[in-house]
Amino acid sequence: MYYFMNKYSQYTRKGKKGKAGIKMKGQQNKGLVVAGFLVFLIIVVGFYFFLDSVNKTEQTASNPKGTEKASTQQAEVPKDPMTPAFTSKELTTLPGENWITNGGSTFNQRYSTLNEINTTNVKNLKGKWVTHLGSGQEFKYSGEASPVVYNGVMYIITGADEVSALDVKTGKNLWIYKPEIDELTTVCCGWTSRGVAIGDGLVYVGLLDARIVALDQKTGKEVWSTVVDDWKKGYTITSAPLYYNGKIYTGISGGDFGTRGRVTAFDAKSGKELWRFYTIPGPGETGHETWPSDNDSWKRGGAPVWQTPAVDPETGLLYFSTGNAAPDLDGSIRKGDNLFAASIVAIDAETGKYKWHFQEVHHDIWDLDAPNPVVLFDVELDGKMRKGLAQAGKTGWVYILDRTNGEPLIGIDEVPVSQDERQATSPTQPIPKGDAFVPQEVTKVALAKDAPKYEGKFGKIFDPFWEERLLLKPAAAGGANWPPSAYNPDTGYFYVVATDQYQLFTRSEEEFEEGSVYLGSIIAPVDDSPRRGTVTAIDVKTNKIAWQKVWDDSAYSGVLTTKGGLVFVGHNDGRLIAYDAKTGDQVWEFMTDAGVNAAPIAYEVDGKQYISVLVAGNSLAGTKHGDSLWTFALDGTIESGTTPVADNQNGTKDNGAVAATANVDDGQKVFEGNCLACHGREGTGGHNGPDLQLSQVAKDAEKVTERVKKGGKTMPAFGDLLTEKQIKDVTAYITEVVAKKQE
Ligand SMILES: O=C(O)c1cc(C(=O)O)c2c(n1)C(=O)C(=O)c1cc(C(=O)O)[nH]c1-2
């Protein structure tokens, strides 16, 4: 690429020739001395500026793996961090030195071939560096991204959609990209991003305002920007894009806003759209007949794709899983199976043409869809190597398929599933043989009567005035939600983090209005019911559980597994934990400074293995927020639990003067920054949070203030996050504006 080329490139190449010519070592060759001097100069001028100067094309040709060492200097010559147009082989190779896609490779296995850190020595693992990314501490931001690393530079995105390039040796920030994003009012599930893609000298980012942008890898400046759809209609991007074969693939979120899901391919160099595959087929396309209602329900039928797809160059297919049909919780106005919602789908990676699908829940009305990324693996079954694909559903089941044709690798039966009689039109559900990793329950209750297993009082955080409701498990949050699973070829186990919790459902009528939440009914957490998390190893040959850890909180981070026989998972309480991949025995833990709600990665620097993870909390999991990128190594010196909490760099905790009177407009801003993700716009219900317009608590200022300060079981306490003035303002907004709307 042109703009990486400059005067230093020739010298660099000469230096490399010198290195390559080890036979020349010791010669008082003038050229070599010049080359050596230049290498020295380059090192002194600094890692980044040196790399700025390298001609990528020539480097790739002369040093494809970037592994040569300087013969004229003790210090190593830094490798070229400018990413080439990665070949499909590079992208499918399981990660070792680098971690170049969101899921480690286009197989999404999140398995590192490094084993320097292993079951024997992991007890010595300590923090090497911690970098505060300077954004993302506000409650509305969730830190869900895995970093990518290429030749010494890491790229990481925060919940504020700010991208940082970090020097992996020191954690030093090389540049930071702060996108210009409008004041968004329709972000369905909070401000978050699950990562970026890299390749061909660019960093590719999906933004919450439904744009996809490419950044210059060395400066962080925007090179191109393409609007995927209109955020005002509810479209948004939270997933990491995928770079493959000169293309960028991205899905789109917004299933709860009556959008039409899709995967779109763009030209990686220009950002030009190449094709789009709608996850709700239009007239004449395969699957359109599964939307028989003659009310155009398919046009706003959801089925978003908010995970990074996987690709297998051998099958030539792009694989991804899909979200809920819309409206999520009212099937009566969208009869039929509603393809391709709650499904695993395979399309031609080059043309975007449909190949096969597997629907996990037909005509889903519970929001038990399929947001967990698909994982590809090869496994020997009955003496034959098979091309497998696994996906962990919100249903609490793992679906294991043959990725060449979408047929189950292990049996899956169609069985009737309990659905509400008014809404169901197709009451069957594919249930895999094997073990579900969270118990299944869909229980109908009338008011607070006879809820099996759950003995608590309903509606602790809101008043029980609904006439009819259902108690469900798993809840809409899962089962397995977005936190990515991993596959370890050494153990043959598929590792899943999941949540086992109840949820209340009640029916309400809802008209479609463009750009507004379109759920169809209401779901809400059950404040005093038990919530557990599970970390589960599933044997892909049998679909049976090999081991399982049960936590007393949700497990909401994602998984890294390694050749060192380890499984790393983050905990809501701030710990990063390592288990023995084979036995599930806990072998290490380390306390960081906020909720660990993102999947860790592994890579190598100067022959030493590092583990990195974004530690920034999650609004839906209700964990403590932060803005740190933590990196661990065997020679690290930072002790567990010793790093101070980062200063809040976004000013929400200003401890400023408390104004005498509350300001409703200011309260609205506080609400939109902190409450909207769960409670929805104007409090009408979002994800996990009840509809405040129906709430009795929301009418009472004292109770609102108390709830905001102290939180409830599933609602976090904001007492430490907001100032007194902000709490007053938001109380005024809720009681004077939101709750009044019900009258
Ligand atoms: O339907 C959608 O488009 C959509 C998008 C997202 C998202 O993009 O974050 C979530 C969900 N649904 C969802 O159902 C859900 O439980 C969820 C949890 C989270 C999160 O960030 O923790 N996002 C989302």
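**Terms and their grounds**

Author: The domain assignment of the protein chain, whose bounds come from an automatic or database assignment, gives domain 1 (2–62), domain 2 (92–413 + 433–595 + 602–633) and domain 3 (664–742). The centres of domain 2 and domain 3, taken over C-alpha atoms, are separated by 28 Å. This is a predicted model, in which local features need pLDDT of at least 70 and side-chain atom pairs count only at pLDDT 80 or more, while totals for chains, interfaces and linings use all residues. Residues are numbered from 1 along each chain as its sequence is written.

Reader: Why does Ala-390 count as buried?

Author: A residue is called buried if 20 or more other C-beta atoms, placed from the backbone, lie within 10 Å of its own, exposed if 12 or fewer do, and partly exposed in between. Ala-390 has 27 C-beta neighbours inside 10 Å, and therefore it counts as buried. Of the 743 residues of the protein chain, 57% fall in the buried class.

Reader: Where does Ala-390 sit, and what is it in contact with beyond its neighbours within four places in sequence?

Author: Ala-390 belongs to strand S22 (residues 384–392), a strand being a DSSP run of E with at least two residues, as a helix is a run of H or I with at least four, both numbered from the N terminus. Contact requires C-beta atoms, placed from the backbone, within 7 Å, and with those sequence neighbours left aside the partners of Ala-390 are Val-375, Phe-377, Val-398, Ile-400, Tyr-487, Phe-494 and Val-540.

Reader: How do you know that strand S6 and S7 pair?

Author: Two strands pair if DSSP finds at least two bridges between them; strand S6 (residues 163–167) and S7 have four bridges, in the antiparallel sense, and so they meet the definition. As one detail, Ala-165 has Trp-175 in S7 as its bridge partner.

Reader: What makes strand S4 and strand S7 edge strands?

Author: The open sheet has four strands in the order S4-S5-S6-S7, with antiparallel pairing. Strand S4 (148–150) and strand S7 (173–177) each pair on one side only, and are the edge strands.

Reader: Which residues are closest to the ligand, and how many surround it?

Author: A residue is near a molecule if its C-beta atom, placed from the backbone, lies within 6 Å of it. The ligand is surrounded by 23 residues, the closest being Cys-189, Thr-238, Ser-253, Gly-255 and Pro-304.

Technical notes. Two residues are in contact if their C-beta atoms, placed from the backbone, lie within 7 Å.
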